[in-house]
Amino acid sequence: MRSPSPRSLVDMPIRRLNRGDLVPCADLCEDRGWPRDEHRWGLLLSAGTGYGIDAPDGKGLAATCLTMPYGSDFTAVGMMLVAGRYARQGIARRLMRQVMETAGGTPLALYATEQGQPLYEDLGFSPVGRAERVGGRFAATGSGGFPAPSAARSLAASAAQASPGSAAYSPPSASTVTTRPAAADDLQAMVRLDLPVFGTDRTHLLARLPAFSDRLQVAEEHGELVGYAALWPSGPAEVVGPLIARDTATAQALVTALAATTDRPLRADVDARHQELLGWLAERGLEPLSRTTVMTYGIPDLPGDATRRFAPLTVATG
Ligand SMILES: CC(C)(COP(=O)(O)OP(=O)(O)OC[C@H]1O[C@@H](n2cnc3c(N)ncnc32)[C@H](O)[C@@H]1OP(=O)(O)O)[C@@H](O)C(=O)NCCC(=O)NCCS
């Protein structure tokens, strides 16, 4: 009996991924030195559409890619990963071409790593911004070397008094913004706040946040929602995202409240336009880890209001 001839990469079809693929997706992340993030893959594969190519050697997946649709406004593309042993063979290009073809006229947006950026540029994507990934143990009071802005300083002082794990956190009386854990009936107000900030309806993602997050916190002023943020697990860290806030002080209040609920290091992908928040995070021990370039195809920039958009849910979803 003849043994089947070994399959080559070009013969392997692009197939849809489903929740049964969580482990091979996580294995591929590990292959590329990313956190396994099965939890994140679970969210992405239930709210978005995953594509994958099985490895011809039968050992899991050779490549993955994820699209997260936001109606006709745009589709976010992420989790573009190719196993090291299949790199530089045109597999990412093939996946991206398929994504672009499937999107038809719908614009695309992504956060490109240094490795991915040349390919996306080649395919017609334009850089429109940057995100700085920062991480480390959050120290509720600044390093002391640099004077913090007064709002940040008083927020941190107030947070230092809060017992670790305390759920609610209120900034000092100078500010009338308070934060508290989100309740089920906050979802509608969160969606209303999010829409002009993110520029499109992402109810399908926000509705999953309570189950996905370890902590979901809202900021209010005079009973009106002025921000919200989530904390979710990724490897040894807890990721802050999304982080939506009226201003930097509100963003700081949300981060401080979330940080008080965990002993693990924090991580966030902060829009590089928010230098004030980045400086404040640096003072509190979060160091630069890497950066990504925000790129779009078919639209000149991300829609929405960048002044209130401090960090994405994940770089795979925007
Ligand atoms: C980025 C990545 C997906 C590319 O996959 P790939 O299948 O090797 O890419 P392709 O073979 O289709 O290459 C397409 C183009 O991408 C660029 N490219 C690919 N790998 C690259 C690398 N390691 N460094 C710099 N450019 C690279 C090149 O421009 C290449 O064209 P060329 O071969 O004509 O020079 C892969 O290197 C990877 O998984 N990296 C780790 C995870 C990551 O950073 N993903 C991108 C997220 S935005």
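The model is predicted, so local features need pLDDT of at least 70 and side-chain atom pairs count only at pLDDT 80 or more, whereas totals for chains, interfaces and linings use all residues. Numbering runs from 1 along each chain as its sequence is written.

The protein chain has 10 helices and 13 strands, taken as DSSP runs (H or I, at least four residues, for helices; E, at least two, for strands) and numbered from the N terminus. Of its 318 residues, 44% are buried, that is, 20 or more other C-beta atoms lie within 10 Å of the residue's own, with C-beta atoms placed from the backbone.

The largest nonpolar core contains 90 residues; such a core is a set of buried Ala, Val, Leu, Ile, Met, Phe, Trp, Tyr and Cys residues joined through C-beta atoms within 7 Å. Helix 9 (residues 248-259) gives the most to this core, namely 8 residues. Because domain 1 (9-106) and domain 2 (133-290 + 303-311) both give residues to the core, it lies between them; the domain bounds come from an automatic or database assignment. Ala63, Val240, Leu243 and Leu254 touch the most other members.

Around the ligand are 18 residues, the closest being Ala92, Arg93, Thr113, Gly116 and Leu119; each has its C-beta atom, placed from the backbone, within 6 Å of the ligand. Strand 4 (74-82), helix 3 (91-103) and helix 4 (117-122) each supply at least two residues of this shell.

Note on methods:
Buried ≥ 20, exposed ≤ 12 C-beta atoms within 10 Å, placed from the backbone.
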